[in-house]
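I opened this notebook to record what I looked up in the structure shown below. The entries follow the order in which I worked.

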Amino acid sequence: MSIRLSDDCSEVDWDALALVFTHAPLGERTPEKLRDAFTNSSVRCFVWNAGQLIGAGRAITDGVTYAAIFDVVLLPEFQKKGIGAQIMEHLAAAAKAPNIILHAVPGKEDFYRKLGYRKMKTAMARFANADKQKALGYIE
Ligand SMILES: CC(C)(COP(=O)(O)OP(=O)(O)OC[C@H]1O[C@@H](n2cnc3c(N)ncnc32)[C@H](O)[C@@H]1OP(=O)(O)O)[C@@H](O)C(=O)NCCC(=O)NCCS
């Protein structure tokens, strides 16, 4: 395994990234929406192994106080090898903000807890598809 982390969107095949999301799994995304979301994010991390795109993550940040991390994802065969933690470190360092928020996929909280994240008592979200988000376990 030869892991390389990069923030360069120009290297990315968005169809390949959509497949990473499908296989991880982290939901179905269109290549076009992924391209726009990652390109518009102020901080990005793409993970390569021997020329293959195997994972990613992104964040938005004000560069001063707050950042928010989204879409941390790895192909299954590369999970549980410490690479997810590397993505998180890369995003947090590049965000240059002391306070970082995120919402975990239900069941993935311990991954973030081990990296120093704690549950927020007053977190609120307005999701477009509230019924689906409720069914998925994100909101009450
Ligand atoms: C969640 C994900 C990014 C974690 O990446 P990873 O490379 O597998 O995690 P790491 O190997 O870096 O794990 C770091 C630590 O977190 C722990 N951890 C990882 N996933 C965990 C989980 N689901 N539950 C509990 N602990 C977990 C590891 O055991 C490890 O602990 P250690 O330091 O004591 O050994 C990856 O599993 C993934 O892509 N999952 C599918 C997509 C997804 O759900 N993304 C999260 C969106 S919120």
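**Ligand site**

I began with the ligand and found that it sits in the largest pocket. I noted that a pocket is defined on a 1 Å grid over the protein atoms alone, as an open set of points with protein on both sides within 12 Å along at least five of seven lines. A molecule sits in a pocket if more than half of its atoms lie within 2 Å of its grid points.

I then listed the elements that give two or more residues to the shell around the ligand: S4, H3 and helix H4 (109-113). Helices (H or I, at least four residues) and strands (E, at least two) are DSSP runs, numbered from the N terminus.

I recorded the origin of the model: it is predicted, local features need pLDDT of at least 70, side-chain atom pairs count only at pLDDT 80 or more, and totals for chains, interfaces and linings use all residues. Residues are numbered from 1 along each chain as its sequence is written, and side-chain values use heavy atoms, with hydrogens and water left out.

How many residues surround the ligand? I found 22, and the closest are Val 72, Leu 74, Lys 80, Gly 82 and Gly 84.

I next looked up polar contacts, which are pairs of N or O atoms within 3.5 Å. A backbone N or O atom of Val 72 is 2.8 Å from a nitrogen atom of the ligand. Gln 79 places a polar side-chain atom 3.4 Å from a ligand oxygen atom. For Gly 84, a backbone N or O atom is 2.7 Å from an oxygen atom of the ligand. On its own the ligand has 910 Å² of accessible area, of which the protein covers 77%; this area comes from the Shrake-Rupley method with a 1.4 Å probe.

**Backbone geometry**

I noted as background that most residues other than glycine have a negative phi, and most peptide bonds are trans.

Lys 80 is not a glycine, yet its phi is positive, about 65°. I located Lys 80 in the loop between strand S4 (66-74) and helix H3 (83-95). Lys 80 is exposed, at 88% relative accessibility; buried means under 20% relative accessible area, exposed over 50%, and partly exposed in between (1.4 Å probe, protein chains only).

Lys 96 also has a positive phi, near 50°. Its place is in the loop between H3 and strand S5 (99-101), and Lys 96 is exposed at 61%.

Which residues does a cis peptide bond join? I found Ala 24 and Pro 25, with omega about -5°. Pro 25 is in the loop between helix H1 (14-23) and helix H2 (31-40). Ala 24 is buried, with a relative accessible area of 13%. The C-alpha atoms of Ala 24 and Gly 55 are 8.8 Å apart, although 31 residues separate them in sequence.

**Cysteines**

I searched for disulfides, that is, pairs of cysteine sulfur atoms within 2.5 Å, and the structure holds 0. Cys 9 is in no disulfide, and the nearest cysteine sulfur, that of Cys 45, is 11 Å away. Cys 9 is buried at 17% relative accessible area, and Cys 45 is buried at 0%.

Notes
A residue is near a molecule or strand if one of its heavy atoms lies within 4 Å of it. A polar contact is a pair of N or O atoms within 3.5 Å; within protein, one must be able to donate a hydrogen and the other to accept it, and residues adjacent in sequence count only if both atoms are side-chain atoms. On a 1 Å grid over the protein atoms alone, a cavity is a set of points where a 1.4 Å probe fits but cannot get out, and a pocket is an open set with protein on both sides within 12 Å along at least five of seven lines; lining residues have an atom within 4 Å of a point.
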